[in-house]
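Hello,

I am handing over the structure below. My notes on what was found in it follow.

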Amino acid sequence: MITKPFVGVLLVLCAAAASASATEVNCVTVEQGWARLPPNPAMPMTAGYGVIRNGCDKAVVITGASSAMFGDVSLHETAIVDGVSRMRAIERLPLAPGARAELRPGGLHLMLMQGKGALREGQALLLRLQLEGGGEARATLTVRKAAK
């Protein structure tokens, strides 16, 4: 027999679990998202590009990313320092309302590492951007060859 206190505890636990899950934020989008097709499709890493746009009424901060196709996804920036191209991880990417960040070769980009299978041209890679405060935005990157 289920008692009223047991039901009450169960409802509180369910509510806590629901609030702990990430809330999808639909006003943060990735436009023209693509991932570079590696020269060898079985290569375990590549890069992702596109335009991240904050269509929200408030500022957002991107704190991470993930994809079921890759064990590690992170935001990086390539810069020329003392004449040498260097890449560094970006821990936080703040975007004001209406702002955009362009992810492009030789600049800000996503590193898609520890691939879990061969990539093929035209394949859709589902991506989640983690936002400060626990929300997330979903996006799709299309695998394609880099423009020459």
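The largest nonpolar core of this predicted model has 30 residues, and Ile-52 and Leu-110 have the most contacts inside it. Such a core is a set of buried Ala, Val, Leu, Ile, Met, Phe, Trp, Tyr and Cys residues joined through side-chain atoms within 4.5 Å; buried means under 20% relative accessible area with a 1.4 Å probe, protein chains only. Among the strands that each supply at least two residues of this core are S1 (28-36), S4 (70-81) and S8 (108-115). Strands are DSSP runs (E, at least two residues), numbered from the N terminus.

Leaving aside neighbours within four places in sequence, Leu-110 is in contact (heavy atoms within 4.5 Å) with residues including Ala-65, Val-73, Leu-103, Leu-127 and Leu-141.

His-76 is in strand S4. His-76 is buried, with a relative accessible area of 11%. Its side chain and that of Ser-74 are joined by a polar contact of 3.2 Å, that is, a pair of N or O atoms within 3.5 Å, where within protein one must be able to donate a hydrogen and the other to accept it, and residues adjacent in sequence count only if both atoms are side-chain atoms.

Residues are numbered from 1 along each chain as its sequence is written. In this predicted model, local features need pLDDT of at least 70 and side-chain atom pairs count only at pLDDT 80 or more, while totals for chains, interfaces and linings use all residues; side-chain values use heavy atoms, with hydrogens and water left out.

Regards

Key. Buried < 20%, exposed > 50% of the residue type's maximum accessible area, 1.4 Å probe, protein only. Helix = DSSP H or I, 4+ residues; strand = E, 2+ residues; numbered from the N terminus.
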